[in-house]
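Hi,

Could you take a look at the model below when you have a moment? My notes follow it.

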Amino acid sequence: MVGGLALLLVFQLAGDLIATLTGIPIPGPVIGMLLLFLVLLVRTRVPEGLERASSGLLSMLSLLFVPAGTGIVAYLALIRQEWLPIAAALVGSTLLTIGVTAVTMQTLAAVGHPREPHDAT
Amino acid sequence: MRPNPTAWSALLYGPLLWLTVTLLVYQAAQALHTRTRSAWLNPVLVSIVVMTAILLVTQTPYDGYAEATSLIHFLLGPATVALAVPLYHRLNRLKSLLGPIAGALVVGALAASLSAIGLGKLLGASDTALLSLAPKSVTTPIAMGIAEKIGGQPSLTAVLVILTGIIGAVGGIPVLDLLHIKDASARGFAMGLAAHGIGTARAFQIDEETGAFSGLGMGLNGIVTAIIIPVLVELLHLVG
């Protein structure tokens, strides 16, 4: 568990280092996640300590957003002023994205496997 | 006997009090969600609303609260790295659909950020709101990191991301039915790409395959969006 946590921190540190040194605007932890993902693809095995540390952290992931999200207290005025464009953008964009993504994927899959019928309801 | 003022303020602004309050509020919100099963009573959203109310009522400055709970906030970094593990497990299982997945990923990631920016701009949202809206479909830790990088407000983004997840979980399936999308893979992938973990939880209620593809959509979109949004912001001349 401690070994797994150390491994996660090592990858985060590597990601932060790369982000700082190269100036690319991707968050350091995302680069760290990508690096770990590539290492797992090459090694084709997840060490047990890493498995436990990551599932432990991810099981309380929701809690980790609470302090940051509470920062909304500083933006109540902005939300009061711009609630309409924000709400419209959220609803419109989310539903549009679901539709566009699903249509693209189903169409491409049908092109790739033309024999497979998809008409069963 | 009056308390020593220094000790008193150490208690009021120290980690112990606020970590305790945050965990208790979250625990209660979690229990409420388990009992009602309502998507609108999302535990994160409820916790944030309650904590905001507590800070306002007790007139506690947010900076003090943020510092006291920095331990929780710190764990977001390693938790983001940890997302690689479930992503690896899923990708390994779902190698057969790599072509359609890649196509849907690029189209979906562009649609998610461009339509949010476009709709917001059209209706007169400020640059701060636009930059905070742009990563709304991505899982919260990644979205907050993106918002910070491009000059948005990470805490505003956190709340917008959660609302996006709820909207997707509630409205996603009707949209997919309306469009006659029948493949579980396409339905799940779209839910996770657009509505991250909350959409994925909804997808798992349908079946295991829909849920697994949803988790895959969530993970891959996190990576792709982190790469394309800074480029889009530059191209659209949105200055943070």
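Here is what I found, starting with how to read the model.

This is a predicted model, in which local features need pLDDT of at least 70 and side-chain atom pairs count only at pLDDT 80 or more, while totals for chains, interfaces and linings use all residues. Residues are numbered from 1 along each chain as its sequence is written, and chains are lettered from A and ligands numbered from 1 in the order in which they are written.

Let me begin with the make-up of chain B. Chain B has 13 helices and zero strands; helices (H or I, at least four residues) and strands (E, at least two) are DSSP runs, numbered from the N terminus. The C-alpha trace of chain B spans about 70 × 45 × 30 Å along its principal axes. Of the 240 residues in chain B, 53% are buried. A residue is buried if 20 or more other C-beta atoms lie within 10 Å of its own, exposed if 12 or fewer, and partly exposed in between, with C-beta atoms placed from the backbone.

Next, the domains, whose bounds come from an automatic or database domain assignment. In chain B, domain 1 covers 5–72 and domain 2 covers 87–235, and their C-alpha centres lie 27 Å apart. Six residues from domain 1 of chain B and six residues from domain 2 of chain B form the contact, where two residues are in contact if their C-beta atoms, placed from the backbone, lie within 7 Å. Chain A is assigned domain 1 (1–64) and domain 2 (69–121), with C-alpha centres 27 Å apart.

How many residues of each chain are in contact with the other chain? The contact involves 93 residues of chain B and 66 residues of chain A. On the chain B side, helix 11 gives the most, with 14 residues. That side of chain B has 62 nonpolar, 26 polar and five charged residues; Ala, Val, Leu, Ile, Met, Phe, Trp, Tyr, Cys and Pro count as nonpolar, Asp, Glu, Lys and Arg as charged, and the others, Gly among them, as polar.

The largest nonpolar core has 106 residues, of which A84(B), L133(B), F189(B) and A190(B) touch the most other members. Such a core is a set of buried Ala, Val, Leu, Ile, Met, Phe, Trp, Tyr and Cys residues joined through C-beta atoms within 7 Å. Helix 11 (residues 154–178) of chain B gives the most to this core, with twelve residues. Beyond its neighbours within four places in sequence, F189(B) has contacts that include T101(A) and M105(A) as well as I101(B) and F213(B).

Finally, two residues to look at on your screen. Q59(B) has a positive phi near 50° and is not glycine; Q59(B) sits in the loop between helix 3 (43–57) and helix 4 (62–68) of chain B. Q59(B) counts as exposed because there are 6 C-beta neighbours inside 10 Å. H196(B), also not glycine, has a positive phi near 35°, yet its place is in helix 12 (residues 184–206) of chain B. With 30 other C-beta atoms within 10 Å, H196(B) is buried.

Best wishes
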